[in-house]
Structures are given as C-alpha cells and as structure tokens.
Amino acid sequence: MPRPTGRVLTLLELLQSGGTRTVAELADRLGVEGRTVRRYVDQLIDLNVPVESVRGRYGGYRLAPGYRLPPLMLSDDEALAVLLGLVAGRRAELTTTERTANETASAKIRRVLPKHIARRLDTPLEALAFTDQPGELDHPDAGLLLTVADAVRHRRPVSIRYTDRDGRRSERTLHAYGIVAHAGRWYVTGKDAHVDEDRTFRLDRIAAARTLPGSFEAPVGPDPAQRVLSGFATAEYRHEVTLRIHGTVEQIRAHLPASVASLEEHEPAAGHDLAAERWLRVELRAQQLDWLPQILASLDRPFVIERPDELRDLVIALADRLTSYARQA
C-alpha cells in the first residue's frame with residue numbers, strides 16, 4: 001500500500017489538475033476516509049502549499065490561483081530517464097502537434113535542475129545516436145552511461161570490464177566514438193586499443209567503466225550509428241554468404257536490413273536510377289543458414305547464390321517441399 005507521504009503527494013497532484021475536489025472524491029481516489037483527507041490537507045498547508053477550503057453543497061478543496069510547483073527534485077537516474085524519453089520521443093516523432101513542446105519541456109527540466117547535473121546530462125544526449133526509430137529500450141545504468149558518454153564527448157580513453165556473449169570476461173581499453181540505441185538495446189562503438197580494431201559493445205554487458213588519462217583523435221568516416229550497423233553485418237559467424245539479387249535497394253532492405261547484410265551494386269552502370277531494379281551484391285554472415293531460404297522466397301526476386309553451396313541445397317530442398325505441398329489434392 002502507498003505510504004502516507006505518497007498519498008499526500010498524490011493529493012497535491014489531484015489538486016493541481018484544477019477545479020474543486022470534494023472530500024468524498026479525494027477520499028475515494030486516495031483510498032482513505034474523509035478525516036484522513038483533511039489531515040493530508042493540513043500537511044500540505046504546513047508545507048506552505050496554499051490549499052483553499054470551499055464551503056457549500058459542492059465544496060471541497062482547491063489550490064489557490066497562481067500556485068506553481070517548486071523546482072523539481074529529481075535524482076540523476078530520474079532526470080536522465082525523463083530526458084532520454086523526450087529524446088526518443090522526438091526521434092520517433094511521438095510528439096504533440098506543437099513540435100516545439102518537446103524542446104521546451106527539455107529546456108524547462110534542465111532549467112530547474114542543479115547546474116552540475118544539467119551539464120552531466122547534456123553529455124549523453126550529445127553522444128547518443130539511433131539506428132532507426134526507437135521502440136522500447138532497455139534501461140542502462142545511469143552512472144555507466146554518464147561515464148561512457150563523458151569519454152565520448154571529451155575523446156578520452158575508457159577502461160571497461162566486459163562479458164561477451166559466450167560468458168568470457170575481459171578488461172579492455174576503448175576509444176569510444178559514440179553511444180547508439182539499436183533494436184531496443186544500447187551499444188557503444190569505438191576502437192579496441194588492445195587489438196587496434198573497431199568494436200561494438202553492449203552497454204548491459206559492461207560491468208564497470210572508468211575514464212583514463214590521455215585523448216585520441218575522432219575518426220573520419222561513418223557516424224557511430226552506421227558503424228554499429230556495419231559491425232552487425234560483418235560480425236564473425238560460421239557462414240559467409242554472398243548473393244546477387246535483382247531488385248531495388250528498397251525491396252532488398254525490406255527483408256535484409258543494414259544490420260544483417262551489406263549491399264553494393266553489381267557491375268554498376270553509369271546513369272542508373274537508384275530506385276530502378278538491377279543486380280545488387282549482398283553479403284552477410286550467419287551462424288545458421290536455415291532461415292535464409294524463406295527470406296529469399298519472400299523476396300520473390302531473381303537471385304544467384306555465389307556461396308556457400310550448402311545454402312543452394314537448402315533452397316532447393318525448400319522449393320521441393322513447397323512443390324510437393326502444392327500438388328497435394
């Protein structure tokens with residue numbers, strides 16, 4: 001059950017919604033008796049909240065005109081959650097018809113926060129990128145996110161303790177380029193100083209992070225979101241697949257997104273319309289091949305399998321099964 005303090009704050013929220021609230025209505029909403037409502041009102045008055053008593057048949061309680069909330073009291077985690085929600089909503093175009101409302105809400109929250117917290121929270125917002133319209137995201141550790149974002153912003157090396165998908169633990173030094181939200185998860189992409197190669201790490205698999213002395217130069221090339229997508233498409237898996245598909249980029253990407261496969265024109269011709277159908281080379285890596293025949297069938301476009309031969313056998317087997325099904329009476 002809610003504690004009395006929680007009910008007092010709920011009472012304040014109800015009164016802030018405007019109008020006069022009867023004692024019976026407030027008691028019902030709070031799940032208490034009328035005399036308890038009056039005691040909560042007295043507590044608000046003791047906190048210098050101007051609650052007025054309205055007499056008469058339709059009497060009750062209301063806030064005095066012109067009353068405004070005191071500055072928001074948010075922890076780092078709470079403020080970061082609110083601001084990240086506003087950023088994700090703006091990125092997904094989940095805003096009101098007044099497009100500036102999202103920006104003004106963010107500005108108001110920053111204005112009532114202590115300056116040192118507001119400056120800290122600006123850092124991850126500047127370092128954040130999305131690969132597509134964000135859906136429901138997992139909840140990153142605020143301290144970890146702030147540490148990594150600060151390293152991104154100031155181009156400082158960061159030491160991380162990481163556990164990979166096979167459960168192997170390691171400590172790495174990362175030159176972080178950016179933080180990316182992709183498919184409901186948070187990632188940091190950058191150069192792994194130990195192997196001197198670009199890597200992408202899931203934030204929820206990082207146990208700890210600390211900023212190291214020194215600095216590094218920002219890389220020239222794709223932005224962090226594109227680096228994450230390219231990393232997924234070229235990750236080391238059991239099978240390397242190369243196809244040629246006749247169709248448009250849009251048709252192919254509808255079934256094989258950038259996070260799954262890389263795409264390039266096969267024998268490009270000058271002056272070709274990018275939206276026109278043509279042969280495109282598709283490369284991807286996969287741990288298993290059994291899902292690919294169905295994808296190729298759903299594309300319903302001419303294709304050539306360059307490698308591996310095992311995929312060709314799986315496609316032929318799928319075609320034979322479909323043919324046998326279709327011939328059944």
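In this predicted model, Y177 is counted as buried because its relative accessibility is 11%, below the 20% limit for that class. F216 has a relative accessible area of 11% and is therefore buried as well.

The search for aromatic pairs over the whole structure returned 2. In one of them, Y162 and F201 are arranged edge-to-face, with a centre-to-centre distance of 4.8 Å and an angle of 75° between the planes. Y162 belongs to strand β4 (residues 158-163) and F201 to strand β7 (residues 197-202), so this pair ties together parts of the chain that are 39 residues apart in sequence. Y162 and F201 are both buried. For Y177 and F216, the ring centres are 6.5 Å apart and the planes stand at 55°, so this pair is classed as tilted; the edge-to-face class requires an angle over 60 degrees. The pair of Y177 and F216 likewise links distant parts of the chain.

The charged end of R244 sits over the ring of W279, at 6.0 Å from the ring centre.

Two packed helices are described by the angle between their axes and the distance between the axes. For helix α10 (residues 292-299) and helix α11 (residues 309-327), the axes come within 9 Å and cross at roughly 65°. The crossing of α10 and α11 is right-handed. On the α10 side the contact is made by L292, P293, Q294, L296 and A297, which meet L311, L314, V315 and L318 of α11. By residue class, this contact of α10 with α11 consists of 8 nonpolar residues and 1 polar residue, with no charged residue.

E310 is also part of helix α11. With a relative accessible area of 41%, E310 is partly exposed, because the class lies between the limits of 20% and 50%. When neighbours within four places in sequence are set aside, E310 is in contact with H239 and L289. E310 and H239 are 71 residues apart in sequence, and their C-alpha atoms are 9.7 Å apart in space.

Several backbone features were then examined. Most residues other than glycine have a negative phi, and most peptide bonds are trans. The peptide bond joining R307 and P308 is cis, with omega of about -5°. P308 is placed in the loop between β12 (303-307) and α11.

Positive phi values in residues other than glycine were found at R155 and at D300. Phi of R155 is near 55°, and R155 lies in the loop between α7 (142-154) and β4. Phi of D300 is also near 55°, and D300 lies in the loop between α10 and β12. R155 has a relative accessibility of 25% and therefore counts as partly exposed. D300, at 62% relative accessibility, counts as exposed, because that class begins over 50%.

Key
Residues are numbered from 1 along each chain as its sequence is written. This is a predicted model: local features need pLDDT of at least 70, side-chain atom pairs count only at pLDDT 80 or more; totals for chains, interfaces and linings use all residues. Side-chain values use heavy atoms; hydrogens and water are left out. Rings of Phe, Tyr and Trp (its six-membered ring) pair if their centres lie within 6.5 Å; planes under 30 degrees apart count as stacked, over 60 as edge-to-face and the rest as tilted. Helices (H or I, at least four residues) and strands (E, at least two) are DSSP runs, numbered from the N terminus. Buried means under 20% relative accessible area, exposed over 50%, partly exposed in between (1.4 Å probe, protein chains only). A charge sits over a ring if NZ of Lys or CZ of Arg is within 6 Å of the ring centre and within 35 degrees of the ring normal. Axes are lines fitted to C-alpha atoms, for helices over the stretch in contact, and angles run from 0 to 180 degrees between N-to-C directions. A crossing is left-handed if the near helix is turned anticlockwise from the far one by less than a right angle, and right-handed if clockwise. Contact means heavy atoms within 4.5 Å. Ala, Val, Leu, Ile, Met, Phe, Trp, Tyr, Cys and Pro count as nonpolar, Asp, Glu, Lys and Arg as charged, and the others, Gly among them, as polar.
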